[in-house]
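Colleague: I would like to learn how to read the features of this structure one at a time. Could we go through them together?

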Amino acid sequence: MHEQDSTPNSSPADRGRRGFLGAAALAATSLMAVTGAAPAQAHAAPPATGPGAPVRGRNQVAAAITQTGRRRLGSLKVSGLGLGTQTMPGNLYGPVTSRKDMVTLIRTAVDQGVTFFDTAEAYGPWESERIVGEALRPVRDAMVIASKFGWDIDPDTGARNGLNSRPEHIRRAVDGMLRRLRTDHIDLLYQHRVDPTVPIEDVADTVKDLVAQGKVLHWGLSEPGPQTVRRAHAILPLTAIQNEYSTLWRGPEQNVLPLCEELGIGFVCWAPLGMGFTTGTMSPYFRFAADDRRTVFPRNSRDNLAANMPLVQLLQDWAVRKGATPAQIDLAWLLAQKPWIVPIPSTTRLSHLLENIGAEEVRFSHDELQELNTAVANITIHGDRLPPEALAMTGVEAPPR
């Protein structure tokens, strides 16, 4: 789904993407035959890539879009594109085909060179972590798993009761993550949102203890205030900041990206495809399903969708120019901004997974990147990116200790 799996009536400008997805679907069919769908099937570590490397039964299309690039988030080495798993429980943008298919999708991502997988206890809740744990168990030591704490989740109903980053709650949350992920350590642990009642120094000290115990290897913050980043980093160096970032939402460029560059912190982009908008599959006439949570996002109102179409047209024009798809242009644009930026597009469809990985092949010259940056900057985006209550939880500064 590229963070959205519903497809409206196509337009002529959408045909390039459909053409790619047709080829990707053929690749997906071959891959399914190779990898199988049994959740218990063991998978080997990602195969060798490069000139002369065997394709191990994959067809030429699949082999051509195997991801080979690697990036660093601080000292943590990951694939250039990760895989977000927020949508895999099927309660965000609509139901998924099956849990079994989600396990197979993650294992196929491994086979295609993805090493970085992002989840959270709040996704489902808990179910996303269970899916990731089952899928990656055979290759756990070769993968990088990121998860997040910070919500007070009712153990019986799964309801969120606000934020909770008190030290004792963090410890309980991490122990639950380890069980669900079927592992003895979390590679990258984020605070999901800054708790306005808990000093970030208390949070950092708690994570520092978990690092000493071997339960956590690296840590980060999601959508934090800049001073909170500095305070946290002073206690225990941060590996990554995770914020929304795409051509549709460029807010991190103002303060967060410069701060990451100054402190040597990596940056992970959630919603790198604008929750589906920058894939070119939406139009002013697009209607979300009743159970799709994006209906409450202000930028997805009928008027704002229409007002933001110039960005879609820009990405479609560049897709034609570069022989790619709009989604690939958006992801390639992110990769071109900084070498320490890693997008984690969500998807529940194999064809979209292969399309996203293909963004690695899109290259911009210096002049092309300047031209595209200027064009993106000249487009005004209408509507807030999140509902008011969610927006209020972003950029928060933790209280003093």
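Modeller: The dialogue below takes up the sheet, one of its strands, the aromatic pairs, the charges over rings and a pocket. Please keep in mind that this is a predicted model.

Colleague: Let us begin with the sheet. In what order do the strands of the open sheet lie, and how do they pair?

Modeller: The open sheet has eight strands in the order E3-E4-E5-E8-E9-E10-E11-E12, and the pairing is parallel. Its edges are strand E3 (83–84) and strand E12 (341–343), each of which pairs on one side only.

Colleague: Which residues are bridge partners between E9 and E10?

Modeller: Strand E9 (residues 216–222) and E10 run parallel and are joined by three bridges.

Colleague: Next, the aromatic rings. How many aromatic pairs does a search of the whole structure find?

Modeller: The search finds four. One of them joins Tyr 245 and Trp 333, with 5.6 Å from centre to centre and 55 degrees between the planes, and it is tilted. This pair links distant parts of the chain: Tyr 245 lies in the loop between strand E10 (240–244) and helix H8 (256–263), Trp 333 lies in helix H11 (residues 326–337), and the two are 88 residues apart.

Colleague: Are Tyr 245 and Trp 333 buried or exposed?

Modeller: The cut-off for buried is under 20% relative accessible area. Tyr 245 has 0% relative accessibility and therefore counts as buried. Trp 333 has a relative accessible area of 1%, so Trp 333 is buried too. Tyr 245 and Trp 333 also form one aromatic cluster with Phe 267.

Colleague: Why is the pair of Phe 286 and Phe 288 classed as edge-to-face?

Modeller: Planes over 60 degrees apart count as edge-to-face. The planes of Phe 286 and Phe 288 stand at 75 degrees, with the ring centres 4.8 Å apart, so the pair belongs to that class. Phe 286 is buried at a relative accessible area of 5%, and Phe 288 is buried at 15%.

Colleague: Which charged ends sit over aromatic rings?

Modeller: The charged end of Arg 160 sits over the ring of Trp 151, 4.3 Å from the ring centre. That of Arg 294 sits over the ring of Tyr 93, 4.2 Å from the centre.

Colleague: Finally, which residues lie nearest the centre of the largest pocket?

Modeller: They are Gln 86, Leu 92, Tyr 123, Arg 160 and Arg 293, from a lining of 35 residues. The lining divides into 17 nonpolar, 11 polar and seven charged residues, and the volume is about 920 Å³. Strand E6 (151–153) and helix H14 (388–391) each supply at least two lining residues.

Note on methods
Residues are numbered from 1 along each chain as its sequence is written. This is a predicted model: local features need pLDDT of at least 70, side-chain atom pairs count only at pLDDT 80 or more; totals for chains, interfaces and linings use all residues. Side-chain values use heavy atoms; hydrogens and water are left out. On a 1 Å grid over the protein atoms alone, a cavity is a set of points where a 1.4 Å probe fits but cannot get out, and a pocket is an open set with protein on both sides within 12 Å along at least five of seven lines; lining residues have an atom within 4 Å of a point. Grid points are joined across faces, edges and corners, and a volume is the space filled by probe spheres set on the points. Helices (H or I, at least four residues) and strands (E, at least two) are DSSP runs, numbered from the N terminus. Ala, Val, Leu, Ile, Met, Phe, Trp, Tyr, Cys and Pro count as nonpolar, Asp, Glu, Lys and Arg as charged, and the others, Gly among them, as polar. Rings of Phe, Tyr and Trp (its six-membered ring) pair if their centres lie within 6.5 Å; planes under 30 degrees apart count as stacked, over 60 as edge-to-face and the rest as tilted. Buried means under 20% relative accessible area, exposed over 50%, partly exposed in between (1.4 Å probe, protein chains only). A charge sits over a ring if NZ of Lys or CZ of Arg is within 6 Å of the ring centre and within 35 degrees of the ring normal. Two strands pair if DSSP finds at least two bridges between them.
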